[in-house]
Amino acid sequence: MDFDALSNWDFEEIEQTLTERDTILYALGLGFGEDPTDKKELAYVYEDGLKAVPAMAVTLGYPGFWLRDPKTGVNWQQVLHGEQWLDIYKPLPTHGRIVGRSKIDFIADKGEGKGAVIYQSRDIIDADSGEKLARVAMSAFCRGDGGFGGENQAGPAPAVLPDRAPDHICDIDTLPRQALIYRLSGDFNPLHADPDVARSAGFDRPILHGLATYGLAARAILKSVLDYDAARLVGLDVRFSAPVYPGETVRFEIWEEDGEARFRASVPARDVVVLNNGVARFA
């Protein structure tokens, strides 16, 4: 890992033309419209009165898998998506010109043999008005890159889940082809499509994108707590625990707590938690 190069990484400003087709395709990648007669879900996949899923912000102005650049010095095959944070300042448009401005926030050195964590963020801006729509942030756990002599700076503290039965349980079924749909929203990592690449990474078949599972969390919150009112969801944070395989059912346990929702997600068939320490913030 080249600490100096990474700390001063010069991200190009990304300008993206967002279309209603993009907005619909993102929602379809999360399974919206599973029941095409459900008008509340139809609003996210039909152009008449179309709404944007708030979690779509994570796909906008995306700089791509830049850690694969040899100049970073990162062992990119050993990189895992650790955490995801999202703050939404205005309801996302269904179409328009979007600008993404990315930066490195800090890099934590966990020590030799313990990896490093890169914290990065991106402002999502309406290109025509100049208004900031959202802030997207994430951590990338670089398992093969610790011990470069950096500071072991702590990231944001994870949300604590209540010690009681959940207020809502929401099961969401994924399709065997779910990752093949979701990848059309911009993440073309072959890990999610090519069985050979998946096996080389230690999986018996392609896995669902972590951000697709993250999007499922937004769907579960909209359905279970917010009656599909996208304008009320203004923040969504999670910690990734394990991958989902397309075709699995994901169970969300949701607690309403102090004007927000805490949650985790699991795959009951494998008894594994896939998202943890989740929190959704409301307007």
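In this predicted model, the largest cavity lies between domain 1 (3-142) and domain 2 (168-282), because both domains give residues to its lining. The lining is formed by Val58, Thr59, Tyr62, Tyr182, Ser185, Gly186, Asp187 and Leu211. By class, these lining residues divide into 4 nonpolar, 3 polar and 1 charged. The space inside the largest cavity comes to about 80 Å³. With a cut-off of 30 Å³ or more, the count is 1 cavity.

Nonpolar packing was examined next. The largest nonpolar core contains 59 residues. Within this core, the residues with the most contacts are Phe32, Tyr44, Val53, Tyr214, Ile221, Phe252 and Phe263. Helix α6, spanning residues 210-224, gives the most to the core, contributing 9 residues. Domain 1 (3-142) and domain 2 (168-282) both supply residues here, so this core also lies between them.

Tyr44 belongs to the group with the most contacts inside the largest core. Leaving aside residues up to four places away in sequence, Tyr44 touches Thr23, Ile24, Ala27, Phe32, Leu50, Lys51, Ala52, Val53, Leu222, Tyr228, Asp229 and Ala230. Phe32 and Val53, both in that contact list, are likewise among the core residues with the most contacts.

Key: Residues numbered from 1 in each chain as written. Predicted model: local features only at pLDDT ≥ 70, side-chain atom pairs only at ≥ 80, totals over all residues. Heavy atoms only, no water. 1 Å grid on protein atoms, 1.4 Å probe; cavity = no way out; pocket = protein on both sides within 12 Å on 5 of 7 lines; lining within 4 Å. Points joined across faces, edges and corners; volume = space filled by probe spheres on them. Nonpolar A, V, L, I, M, F, W, Y, C, P; charged D, E, K, R; others polar. Domains from an automatic or database assignment. Core = buried A, V, L, I, M, F, W, Y, C linked by side-chain atoms within 4.5 Å. Buried < 20%, exposed > 50% of the residue type's maximum accessible area, 1.4 Å probe, protein only. Helix = DSSP H or I, 4+ residues; strand = E, 2+ residues; numbered from the N terminus. Contact = heavy atoms within 4.5 Å.
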